[in-house]
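Trainee: I am new to this one. Can we go through it step by step?

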Amino acid sequence: MSASENLAQHAAVVYNPVKVDLARLRASVAAAERAAGWGATQWFETSVDDVGQAATKRALNAGAAMVLSAGGDGTVRAVAEALRESGVPMAIVPSGTGNLLARNLLLPLGSIDTAASIAFSGVDKPIDLGVASVTTEAGAMEEHVFLVMAGLGLDAQMIAHTRDDLKKQVGWLAYVDGVARALPKARPFRIRYSVAGRVDRPAQVSAILVANCGLLPGNLQFLPDARLDDGILDIAVLQPKGVLGWLTIWRRVTWENGVLRRSAVGRRMIQATESSNERVMTTLRGPDIRIALEHPQDFELDGDEFGLVRKVRLHADAGALIVRVPAE
């Protein structure tokens, strides 16, 4: 695209004023837009009442050819929800605690200048969006998107128990404190679930996680087969019994997924212990999953709590979002 063509288009930034250094961000974006020959960027601030969806729609209505999301995972999720199937790409300036999608896209986390440069000089990559259709405890029907992971049970309770002040002090390690707070109150619960329209199966679980991609903070490969662009959701059904069960899951995530999978010998070791692992953490794959709960349970999307739900249907909307990534 020529410089004269670029001058006819502009980007927009949807930013969380609590998360970003606005003066620094404006300077980085201005430098990147000039280098790329784009027009003046427009700016849209999020608020308590609008975490990003309405701001993004205003940006689209104003003709933005690209939207930069500057904030935490909640801002990224909200911008993505508004951009779903619009054809307008989203760029990310990671500014939160987890920066989950940025990690899975292997985007740089520590440089606003680099993130802004990728926004204006990178390439477009289509990825899937996870879509959650839920029935709340009150019986209301809601639809939300997620980019990385949805969780029911202990995972969502951990999010609810994580202290915001601690997140500001120690970042993603604050979730360890959330786990410690949630575990004593956690109780297994009964569900019925169906993957890809197959016959319902009953289960008693402590948590069920549904992933669009698998990398978590701390470089934990929770579901290493999960891909952002395969039209498939990867599912983990957690059924640990006591502390030893949780230790088995922790070993699988940190040691097997993170270390052993890298070598042929390690993969053979995983196969040798697979049966014991499956008793505490069963993994499934499919384009969608339906979950009905015996009693309402906590629900989270990309680290944001969404309250108690009775039913959930999650599916992959293949290629529904375009993101900006570094040019090779």
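Trainee: In which sense do strand 5 and strand 6 pair, and over how many bridges?

Mentor: Keep in mind that this is a predicted model. Strand 6 covers residues 141–146. The pairing of strand 5 and strand 6 is antiparallel, over six bridges.

Trainee: Which residue in the hairpin of strand 5 and strand 6 takes a positive phi?

Mentor: Look between the two strands. Four residues lie there. The one with a positive phi, near 95°, is Gly 139.

Trainee: What stands opposite Gly 130 in strand 16?

Mentor: Strand 5 (residues 123–136) also pairs with strand 16 (residues 304–325). That pairing is antiparallel and runs over 13 bridges. Opposite Gly 130 stands Ala 316.

Trainee: At what angle do helix 2 and helix 6 pack?

Mentor: Two packed helices are described by the angle between their axes and the distance between the axes. Here helix 2 spans residues 22–36 and helix 6 spans residues 112–121. Their axes are 9 Å apart, and the angle is about 35°.

Trainee: Is the crossing of helix 2 and helix 6 left-handed or right-handed?

Mentor: The contact involves, among others, Leu 25 and Val 29 of helix 2 and Ala 116 and Phe 120 of helix 6. By class, it has seven nonpolar, two polar and three charged residues. The crossing is right-handed.

Trainee: What share of the residues in the protein is buried?

Mentor: The protein has twelve helices and 16 strands. Buried here means under 20% relative accessible area. Of the 328 residues, the buried share is 53%.

Terms used:
Residues are numbered from 1 along each chain as its sequence is written. This is a predicted model: local features need pLDDT of at least 70, side-chain atom pairs count only at pLDDT 80 or more; totals for chains, interfaces and linings use all residues. Side-chain values use heavy atoms; hydrogens and water are left out. Axes are lines fitted to C-alpha atoms, for helices over the stretch in contact, and angles run from 0 to 180 degrees between N-to-C directions. A crossing is left-handed if the near helix is turned anticlockwise from the far one by less than a right angle, and right-handed if clockwise. Contact means heavy atoms within 4.5 Å. Ala, Val, Leu, Ile, Met, Phe, Trp, Tyr, Cys and Pro count as nonpolar, Asp, Glu, Lys and Arg as charged, and the others, Gly among them, as polar. Buried means under 20% relative accessible area, exposed over 50%, partly exposed in between (1.4 Å probe, protein chains only). Two strands pair if DSSP finds at least two bridges between them.
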